[in-house]
Amino acid sequence: MKIKFLIYRYNSQKKEKLKYDSFDVPYNKGMTVLDVITYIYKHLDSTLAFRYECRQGICGTCGVMLNKKPVLSCSTQIDQTLETQTIEPLANFPVEKDLIVNLEPVLKRYEKIKPYLDKIHKVIITKKKSNESKAFRKCIECGCCIAGAPEITQSAKGCMDPMSLVKVARYVTDPRDGLDRKAMAKKNGIDKYSDEIGKKLTLLCPRGIPIDEAIKLLKK
Ligand code: SF4
Ligand code: FES
């Protein structure tokens with residue numbers, strides 16, 4: 001059985017017109033989106049540009065849109081019941097080439113929220129305390145939440161993106177950090193996140209991070 005994949009093609013350096021190329025790919029049970037992309041690259045078109053590293057859902061480099069939904073391509077299996085499927089670069093990012101996006105705007109926003117421990121307090125962290133930040137520490141910075149939040153990333157100017165807010169929540173729950181992170185969150189538009197957006201983002205996160213809980217925590 002073959003599945004038809006429509007793949008987004010664009011080269012920002014050549015300023016080409018965006019197009020979709022169609023490829024018929026033989027389906028194997030358990031096939032992931034990354035398997036499809038590498039099959040196309042190896043057997044059908046070696047000019048296809050895409051990113052991946054670990055193949056284990058850990059490095060966060062392989063995010064794409066599968067049928068308009070952000071996913072980690074290495075750990076998302078193909079739904080064999082759909083005859084035609086689309087694979088596109090992550091939404092809400094500028095595209096560099098084909099499935100590769102430019103991370104610079106996001107990293108600039110990320111820098112603003114100081115994504116590291118600052119004004120460090122020397123304290124002993126108990127297991128209970130450590131568990132409070134555990135879920136937020138699982139973020140692999142894949143950008144899937146950003147791709148799934150057009151309400152925030154396209155219209156709410158000056159508002160921190162969901163990846164940044166998870167990082168802020170991670171430090172709010174770490175007693176070693178000495179910054180007023182909740183004030184930082186307020187200043188960076190945390191109130192623009194509704195409960196609905198929070199729930200939607202939580203469902204999208206491939207690491208199962210409760211982004212809705214992070215939003216509630218920062219709004220408190
Ligand atoms: S919160 Fe989840 S979806 Fe967002 S960047 Fe981190 S791991 Fe990816
Ligand atoms: S290749 Fe590393 S998370 Fe997918």
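**Figure 1. Contacts between domain 1 and domain 2 in the predicted model**. In this predicted model, 14 residues of domain 1 are in contact with 17 residues of domain 2. Of the area that domain 1 buries against domain 2, 47% is supplied by P70, N92 and F93, which is more than any other three residues contribute. The domain assignment of the protein chain places domain 1 at residues 2-101 and domain 2 at residues 104-219, and the C-alpha centres of the two domains lie 28 Å apart.

**Figure 2. Buried area and polar pairing between the two domains**. The size of an interface is often given as the accessible area lost when the parts come together. For domain 1 and domain 2 the area buried between them is about 1100 Å², with 66% of it on carbon and sulfur atoms. The count of salt bridges between domain 1 and domain 2 is zero, while two residue pairs are found in polar contact across the interface, both at pLDDT 80 or more.

**Figure 3. The side of domain 1 that touches domain 2**. Strand β4, which covers residues 69-72, provides four residues to this side of domain 1, the largest share. By residue class, the side of domain 1 that touches domain 2 divides into ten nonpolar residues, three polar residues and one charged residue.

**Figure 4. The salt bridge between D45 and R9**. Side chains of opposite charge can pair when their charged atoms come close. A search of the whole structure finds 18 salt bridges, and one of them joins the side chains of D45 and R9, with an N to O distance of 2.9 Å. This pair links distant parts of the chain, the two residues being 36 residues apart: R9 belongs to strand β1 (residues 2-9), whereas D45 sits in the loop between α1 (33-44) and β3 (63-66).

Figure 5. Along its principal axes, the C-alpha trace of the protein chain spans about 55 × 35 × 30 Å.

Conventions: Residues are numbered from 1 along each chain as its sequence is written. Chains are lettered from A and ligands numbered from 1 in the order in which they are written. This is a predicted model: local features need pLDDT of at least 70, side-chain atom pairs count only at pLDDT 80 or more; totals for chains, interfaces and linings use all residues. Side-chain values use heavy atoms; hydrogens and water are left out. Domain bounds come from an automatic or database domain assignment. Contact means heavy atoms within 4.5 Å. Buried area is the accessible area (1.4 Å probe) that two parts lose on being put together, summed over both. A salt bridge is a side-chain nitrogen of Lys or Arg within 4 Å of a carboxyl oxygen of Asp or Glu. A polar contact is a pair of N or O atoms within 3.5 Å; within protein, one must be able to donate a hydrogen and the other to accept it, and residues adjacent in sequence count only if both atoms are side-chain atoms. Ala, Val, Leu, Ile, Met, Phe, Trp, Tyr, Cys and Pro count as nonpolar, Asp, Glu, Lys and Arg as charged, and the others, Gly among them, as polar.
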